[in-house]
Amino acid sequence: MSPLLDVKDLVKHYGVGQGLLGRLFGAPPRKVQALNGVSLHVGAGETLGLIGESGCGKSTLGRAILRLHEPDSGSVTFGGVDVTALDTGGLKAMRRRMQIIFQNPYASLNPRKPVGEILAQPLRLHRLAEGAALRERVREMLEHVGLRAAHADRYPHQFSGGQRQRIGIARALILNPEFVVCDEPVSALDVSVQAQIIDLLARLKRELGLTYLFISHDIAVIGYVSDRVAVMYLGEIVENGPARAVLRRPYHPYTRALMSAVPRVDRADQQQERVRLHGDLPSPMDPPPGCRFHTRCGFATDLCRSVAPLRRQLEEDRMVACHHFPEPAP
Amino acid sequence: MTEPLLSIADLRVAFATRQGLVRAVDGVSLDVREGECLGIVGESGSGKSVTFAGVMGLIRPPGRIEGGSIRFEGRELVGLDPQAYRRLRGRDIAMTLQDAQTSLNPALTVGTQILEVLLAHGDDLPSGRARLRAARQRAVDMMTLVGIPAAARRLGDYPHQFSGGMRQRMMIAIALSCRPKLLIADEPTTALDVTIQAQVLELIASIRATLGMSVVLITHDLGVVAEYCDRVAVLYAGQIVESGPTAQVISDPRHPYTAGLLRSVPVLSHLDRPIHPIEGQVPDLIDLPPGCRFLPRCPMARTACHNPVPFHAFAEGRAARCVLAEAPR
Ligand SMILES: Nc1ncnc2c1ncn2[C@@H]1O[C@H](COP(=O)(O)OP(=O)(O)O)[C@@H](O)[C@H]1O
Ligand code: SF4
Ligand code: SF4
Ligand SMILES: [Mg+2]
């Protein structure tokens, strides 16, 4: 069976300012390599978790899939349709099927509109409902996400952070999409509220038969919600596979470092040695040659410093891009 | 037993707002002992930062300390005159803020900012012309200590030229440059990625060991507390609901809120264990009923919980604000 979403070799570079000297002396424009040939697939009904540090390109990937940012090259196929080839009309129709939930629910909601109006807007735009039917659909959606019909008349600032995220979810789901990019949906929320939203997203997925791309920098949250995971570093997927398999036995040194850096309430009884990672994420404007992770990897060799590792396909749908792990490449 | 370095007793801080009096801190009592790391856990708005703004003498109108006492090395800080407070803040107690981005001055080089602190408080620095040179050397040493590479060359950089992790380090370097006895780190890693978070927390831990200072680590992450703090105090709606040695509180929480927090986050080594949200929301801090503040969200609530519940010790070193504290679950 072909996957619902199939992303192949997606590339997205952002041009950044050259600066005065650059312009005067004609230096070539600088580019941020936000996505450097990303491939992944998501099956219908599946949750793919995308993990990585801030700035590694997770949000860019989520937006490029929906063409909220235009990718430079590569393809996005959704339900057999080449999304990258759609014209404006085709893209608008596709937006009914693919939606996004943002990290900061407050910034993404219009503060001057009551919630009922915020939720009605997509229905009007797509001419899907009006009058009593529209109001009924808005009421139904509010209740679906654990709010009340009376909330339709209130403004975003009258809600708590968790309730605002419920509104963001309602807005994304009101068009009945099949696929939703959840971009750090719980990262801005307090701990006790995070679990409420994680539960809500899981219930909605079950009830509405949704497929998720779930983006987070929290590896425990990713492990909890995902069927499969993809680990991203500086614009590239360095490891992916079934969530439990990858998190039980991570291969790539970066995945291992990420997991080991998480402070845990149970480390004392696990007695694990922490894999230390030195230094910061290198600038995506000037990524290291060879393996992009070599400047922070404790296992880097001369090979790693000069040659980029290939993606290796391993057992049970697992991929890893590393010269030396799980065992030396042939 | 020797007297604790910092001792807060029944501290109450309120803010006058148009909606009414917000009791942001309402009867907080805690001790920080010589050389220990105390974790302060709570959700946003629970009173973590206000409590320690109180310790730093930084509560400004419409906020007001309504009562209680804050003693540092036996000396009462509530009501201390501003001049004495400024000396204390520079020399004995330092605080780093959650957002290094906004708490460093974007218009000044980091060198200027660290030198300002050093020159104002470096009583042991030589006087005259040698003073600036000695201060500069100490600034470079401090920055090197917190792991900023090529520190001497970076003195002339502006904060925006630093990455998030480096800015947080710079703020720690500035806080440490007066060699405080107590470092209060307010969410030092919340905005950072896990790999950088681990670097910053390990840095604070190693400096604490080297300089023998006490640390208050404010965080919302129980994992951070478990790995770096000797003891922990859990705040809810302006009150401490539970405190004790970290390992005991985590393995045997006696307040339903602490237990609820522990059940609401996924644990990497037990991903099959379902998480359970704490239903409902943090209460509004205006016009609270007299009973337990957690009552509307508490699965164990009973009649007695509608009366005021005292924060009380129930075992050696452990205390909680719950009628069921005595019963292990
Ligand atoms: N509009 C933009 N213009 C220039 N650079 C950008 C823009 N948006 C993102 N970037 C850069 O692209 C890289 C990836 O960003 P992003 O996808 O937002 O990462 P993440 O979601 O993992 O935090 C970063 O270096 C970021 O600074
Ligand atoms: S290819 Fe080399 S540098 Fe890259 S992760 Fe593997 S061992 Fe480390
Ligand atoms: S005092 Fe009562 S309501 Fe409050 S936490 Fe304890 S059991 Fe729950
Ligand atoms: Mg992002």
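Buried area is the accessible area (1.4 Å probe) that two parts lose on being put together, summed over both. The legends below describe a predicted model, in which local features need pLDDT of at least 70 and side-chain atom pairs count only at pLDDT 80 or more, while totals for chains, interfaces and linings use all residues. Residues are numbered from 1 along each chain as its sequence is written, chains are lettered from A and ligands numbered from 1 in the order in which they are written, and side-chain values use heavy atoms, with hydrogens and water left out.

**View 1. The interface between chain B and chain A.** About 3300 Å² is buried between chain B and chain A, and carbon and sulfur atoms give 56% of this area. In terms of contact (heavy atoms within 4.5 Å), 42 residues of chain B meet 38 residues of chain A. One salt bridge is counted between the two chains, a salt bridge being a side-chain nitrogen of Lys or Arg within 4 Å of a carboxyl oxygen of Asp or Glu. A:Arg244 and B:Asp272 form a salt bridge, with their closest N and O atoms 2.3 Å apart. On the side of chain B that touches chain A, helix H8 (194-211), helix H9 (222-228) and helix H11 (256-263) each supply at least two residues. H8(B) gives the most to this side, with seven residues. Helices (H or I, at least four residues) and strands (E, at least two) are DSSP runs, numbered from the N terminus. By class, this side of chain B has 20 nonpolar, 13 polar and nine charged residues. Here Ala, Val, Leu, Ile, Met, Phe, Trp, Tyr, Cys and Pro count as nonpolar, Asp, Glu, Lys and Arg as charged, and the others, Gly among them, as polar.

View 2. A:Ser192 is placed in helix H7 (residues 191-208) of chain A. A:Ser192 counts as buried because its relative accessibility is 0%; buried means under 20% relative accessible area, exposed over 50%, and partly exposed in between (1.4 Å probe, protein chains only). The side chains of A:Ser192 and B:Glu43 make a polar contact (2.8 Å). With neighbours within four places in sequence left aside, A:Ser192 is in contact with B:Glu43, B:Ser264, B:Pro277, B:Ile278 and B:Arg297.

View 3. A residue is placed near a ligand if one of its heavy atoms lies within 4 Å of it. Around ligand 3 are B:His255, B:Pro256, B:Cys292, B:Leu295, B:Cys298, B:Met300, B:Ala301, B:Cys305, B:Cys322, B:Val323 and B:Leu324. This shell divides into 10 nonpolar residues, one polar and no charged. Ligand 2 is surrounded by 13 residues, of which the closest are A:Cys291, A:Cys297, A:Cys304, A:Cys322 and A:His323. The shell around ligand 2 holds nine nonpolar residues, four polar and no charged.

**View 4. The surroundings of A:His252.** A:His252 lies in the loop between helix H9 (243-248) and helix H10 (253-261) of chain A, and at 2% relative accessibility A:His252 counts as buried. A polar atom of the A:His252 side chain lies 3.0 Å from the backbone nitrogen of A:Tyr254. Apart from neighbours within four places in sequence, A:His252 is in contact with A:Val238, A:Glu239, A:Phe293, A:Val320, A:Ala321 and A:Cys322.

**View 5. A salt-bridge network in chain B.** B:Glu242, B:Asp252, B:Arg254 and B:Arg318 are linked in a network of salt bridges. B:Asp252 lies in the loop between helix H10 (246-251) and H11 of chain B and B:Arg318 in strand S12 (residues 318-320), so the pair ties together parts that are 66 residues apart in sequence. B:Asp252 is partly exposed at 22% relative accessibility, whereas B:Arg318 is buried, with a relative accessible area of 4%.

**View 6. B:Leu118 in helix H4.** B:Leu118 lies in helix H4 (residues 110-121) of chain B and is buried, with a relative accessible area of 2%. Not counting residues up to four places away in sequence, B:Leu118 touches B:Leu125, B:Ala135, B:Arg138, B:Ala139 and B:Ser177.

How values were computed. A polar contact is a pair of N or O atoms within 3.5 Å; within protein, one must be able to donate a hydrogen and the other to accept it, and residues adjacent in sequence count only if both atoms are side-chain atoms.
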